[in-house]
Amino acid sequence: KVTSNVVKQRIGEAEETKKEITVAREGYRPVATRGSVIYFVIAQLAKIDGMYQYSLQFFTKLYNIRLQQVPMTDDLDLRLENLSSDVTKTFHAAVCLGLFEKDKQAYALLLAAAILKERKDMDDAEWAFFVSGGGGSVGGEDLLMPNAPWVTPYVWSSLKALETTFPSYFTGLTKHVRKNLSLWLPIATGEGVDANSTLSSRLPMPFRDSLTPFQSLLLMRAVDDTLLLPSVTEFIGEILGPSFRTPPSLELRKVLSDSLPEQPLLFLCSSGADPTNSLLQLSRDTNNNVRTVSLGQGQGPVAEGHLSAGMQGGDWVLLQNCHLSVSFLPRLEELVETKMTDAAGSLHLDFRLWLTSMPTKAFPASILQVALKMSVQPPRGIRANMLQSFASNVEQGDLDRFSGTSIDVPYRRLIFG
């Protein structure tokens, strides 16, 4: 009987412990939900470009690393906020590196929209209206359309479509525009608008206080669809944070530090872009030898030989123009799987496989899903050119070389010039 009572007591204690663990686990469900939202957004990117493929293994590995590295705190709410914020920023930065410039804003927009949907702050009808354009058909003359240069037939039909589709919060929109053209003019022209203001705050009352950020974006698009891109950028910053407005620039040294020997590093190149010089400079800075093979007819066996030597000796192997050697790609897939992924423990710690390729449907999905991807494009504009130059070619040591000497300032001006 004594033993029976002890067993019952321990069973009771185990049940209580199980309940406490369940409660603690449920407390972290918001972070798991955020991770799920991010993963399914990333999975959709393959519909934009077949090269944008990421495996669940890649996702869970990075996700678990971030959960371990975020500083601990006894405040659960603060802990959840820190975890969700860190995971979102990490995956935005990691995935953006492998996207072409034209798709980076689309990724951030999809991420922001998915988060709003999960919060129930946006519904499918609003998203469908945004994606389709929502503008009604431009028919004959509308006697109610105000006589203003910015109110075109298409703008007017878009405003009426908003009012018809979402009467609960756009009722009276067209009437308000007709009677208050002067209040809407700054939105349509962009004149006198504070660049640091939110989308909602730029709207006249009563819409300023009654619309969600995404509903404000719908209205801004209806007023002038040329405002869409800057408005989307502002919307992304408002939902995700200011740092999400500008995608991170490529820093090869950081990518190298985050990589592993068994993980290929893939440059997705656009026409006119070649990362070879930057990679060779990095190899010199880190004292690594690079074995370079420009793939083409008859270069498959040469590439295999360099791969075997690099894996044993710790050299880097650069296989250029994979898209021009489609016949070798199945063999490359086999080599990556058997000699790298499945034999990670036998690889030299300094070995790295670098690949360059333009987008092609023939590229093996298994390599795309495990590779660290980096998009390479000719920079557009002075700012992008400067950022890429300093990120790729200038280290802090270069700037500090003559620190404290009489030529320090002239030298820095020369570097920046």
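**Figure 1. Helix H4 and its buried residues.** In H4, the buried residues are Arg79, Leu80, Leu83, Ser84, Asp86, Val87, Thr88, Thr90, Phe91, His92, Val95 and Cys96; buried stands for under 20% relative accessible area, exposed for over 50%, and partly exposed for what lies in between (1.4 Å probe, protein chains only). The model is a predicted one, in which local features need pLDDT of at least 70 and side-chain atom pairs count only at pLDDT 80 or more, while totals for chains, interfaces and linings use all residues. Residues are numbered from 1 along each chain as its sequence is written, and side-chain values use heavy atoms, with hydrogens and water left out. Helix H4 covers residues 76-96, and its 21 residues should span 30 Å at 1.5 Å a residue; the C-alpha atoms at its ends are 30 Å apart, which agrees. The expected span is 1.5 Å times one less than the number of residues in the helix. Helices (H or I, at least four residues) and strands (E, at least two) are DSSP runs, numbered from the N terminus.

Figure 2. Valine 87 lies in helix H4 and counts as buried, at 1% relative accessibility.

Figure 3. Asp74, Asp75, Asp77 and Glu81 form a negative surface patch. Patches consist of residues with over 30% relative accessible area and no salt bridge, like charges being joined within 9 Å and nonpolar side chains (Val, Leu, Ile, Met, Phe, Trp, Tyr) within 5 Å. Lys and Arg count as positive and Asp and Glu as negative, whereas His and the chain ends are not counted. The place of a charge is taken as NZ of Lys, CZ of Arg, CG of Asp or CD of Glu. Accessible areas come from the Shrake-Rupley method with a 1.4 Å probe, and for residues only the protein chains shown count as cover. Aspartate 74 sits in the loop between helix H3 (56-69) and H4, and its relative accessible area of 85% makes aspartate 74 exposed.

Figure 4. Leucine 116 is part of helix H5 (residues 101-118) and, at 4% relative accessibility, counts as buried. Between the C-alpha atoms of leucine 116 and phenylalanine 214 the separation is 8.7 Å, for residues 98 apart along the chain. Glutamate 101 and lysine 104 meet through their side chains in a salt bridge (3.0 Å, N to O), a term for a side-chain nitrogen of Lys or Arg within 4 Å of a carboxyl oxygen of Asp or Glu. These two residues are three residues apart in helix H5, and therefore separated by about one helical turn. An α-helix has 3.6 residues a turn, so residues three or four places apart point the same way. Glutamate 101 counts as partly exposed at 36% relative accessibility, whereas lysine 104 counts as buried at 6%.

Figure 5. A salt bridge joins the side chains of lysine 117 and aspartate 124 (3.8 Å, N to O). Lysine 117 counts as partly exposed at 28% relative accessibility, and aspartate 124 as exposed at 57%. Lysine 120 lies in the loop between H5 and helix H6 (124-132). Its phi is near 70°, a positive value in a residue other than glycine. Lysine 120 counts as exposed, at 72% relative accessibility.

Figure 6. Lysine 254 forms a salt bridge with aspartate 258, and their closest N and O atoms are 3.1 Å apart. In helix H14 (residues 252-258) the two are four residues apart, and so about one helical turn separates them. Lysine 254 is partly exposed, with a relative accessible area of 49%; aspartate 258 is also partly exposed, at 48%. The structure holds ten salt bridges.

**Figure 7. Backbone features in two loops.** Methionine 205 and proline 206 are joined by a cis peptide bond, with omega about 5°. Proline 206 lies in the loop between helix H10 (181-189) and helix H11 (207-210). Asparagine 287, found in the loop between helix H15 (276-285) and strand E2 (290-294), has a positive phi of about 60° although it is not a glycine. Asparagine 287 is exposed, with a relative accessible area of 71%.
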